[in-house]
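Biologist: Before we discuss terms, please put the model on the screen. I would like to ask what stands behind each label.

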Amino acid sequence: MEQEKIINNSNQTIINRFYFDLIQANEISQVSELLKFIWREAFSDFLSELPANILFCPEKIREWVDASNTYTLVAKTHDSKIVGIISAFHQQNRVHVSNLYIHHNFQKQGLGTVLLSSVFQQFPTVEKFTLRVFEKNIKARNFYLKQGFREVSVRNAIFGTEITPSILMEKIIN
């Protein structure tokens, strides 16, 4: 897929009719609702909504926006509807991708690849990138493998009384 890329005066990037921009404070509620929706759609077979309601409440997302070591980029449609998000934080000698979610109606259009690539570009001197993915999230695992990540280890993700295996993945860039 050939990508059209334009950068305008607001540092907003346009690729394939989608806009990519750093999250703004006035978008936190919309992002919160999107993340909770995607969680319900993707993980309801093995996790309840409770973890999403805690992890993706507006206050938690505000912490991402305010943290000096965190990078959060959103993907929007032409009418400013947020359909994807990535959040990553820089910690010592690595960057950890803590969230990468794309609304199911907008998957397979290159948004995940663009968002993930933006993290690599944002931290050009970092060589190690990590993330965690639920073991049962086969689609995401395959996506990350195609992006050059490898599976490193498995541990349980614990959300109160709910437990599901989570895979640590990493990518080394030299």
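**Labels and their grounds**

Modeller: Gly160 takes a positive phi near 65° in the hairpin of strand 8 and strand 9, which has two residues between the strands. The model is predicted: local features need pLDDT of at least 70 and side-chain atom pairs count only at pLDDT 80 or more, while totals for chains, interfaces and linings use all residues. Residues are numbered from 1 along each chain as its sequence is written, and side-chain values use heavy atoms, with hydrogens and water left out.

Biologist: How do you know that strand 8 and strand 9 pair?

Modeller: Two strands pair if DSSP finds at least two bridges between them. Strand 8 (residues 150-159) and strand 9 have nine, in the antiparallel sense, so they pair. Ala157, for instance, stands opposite Thr164 in strand 9. Helices (H or I, at least four residues) and strands (E, at least two) are DSSP runs, numbered from the N terminus.

Biologist: What makes strand 7 a partner of strand 9?

Modeller: Seven bridges, again antiparallel. Phe134 has Ser166 in strand 9 as its bridge partner.

Biologist: Why is strand 9 called largely enclosed?

Modeller: Because eight of its 11 residues are buried. Buried means under 20% relative accessible area, exposed over 50% and partly exposed in between, with a 1.4 Å probe and protein chains only.

Biologist: Why is Trp39 called buried?

Modeller: Its relative accessible area is 1%, and Phe43 is also buried, at 3%.

Biologist: What makes the pair of Trp39 and Phe43 edge-to-face?

Modeller: Rings of Phe, Tyr and Trp (its six-membered ring) pair if their centres lie within 6.5 Å; planes under 30 degrees apart count as stacked, over 60 as edge-to-face and the rest as tilted. Trp39 and Phe43 have 5.0 Å centre to centre and 80° between the planes, so they are an edge-to-face pair. Being four residues apart in helix 1 (residues 28-43), they are separated by about one helical turn.

Biologist: Why is the pair of Tyr71 and Phe123 edge-to-face?

Modeller: Their ring centres are 6.3 Å apart and the planes stand at 85°, so that label applies. Tyr71 lies in strand 4 and Phe123 in the loop between helix 4 and strand 7, 52 residues apart. Both are buried.

Biologist: What is the largest nonpolar core?

Modeller: A nonpolar core is a set of buried Ala, Val, Leu, Ile, Met, Phe, Trp, Tyr and Cys residues joined through side-chain atoms within 4.5 Å. The largest has 30 residues, and Phe20, Val119 and Tyr144 have the most contacts inside it. Helix 4 gives the most to this core, with six residues.
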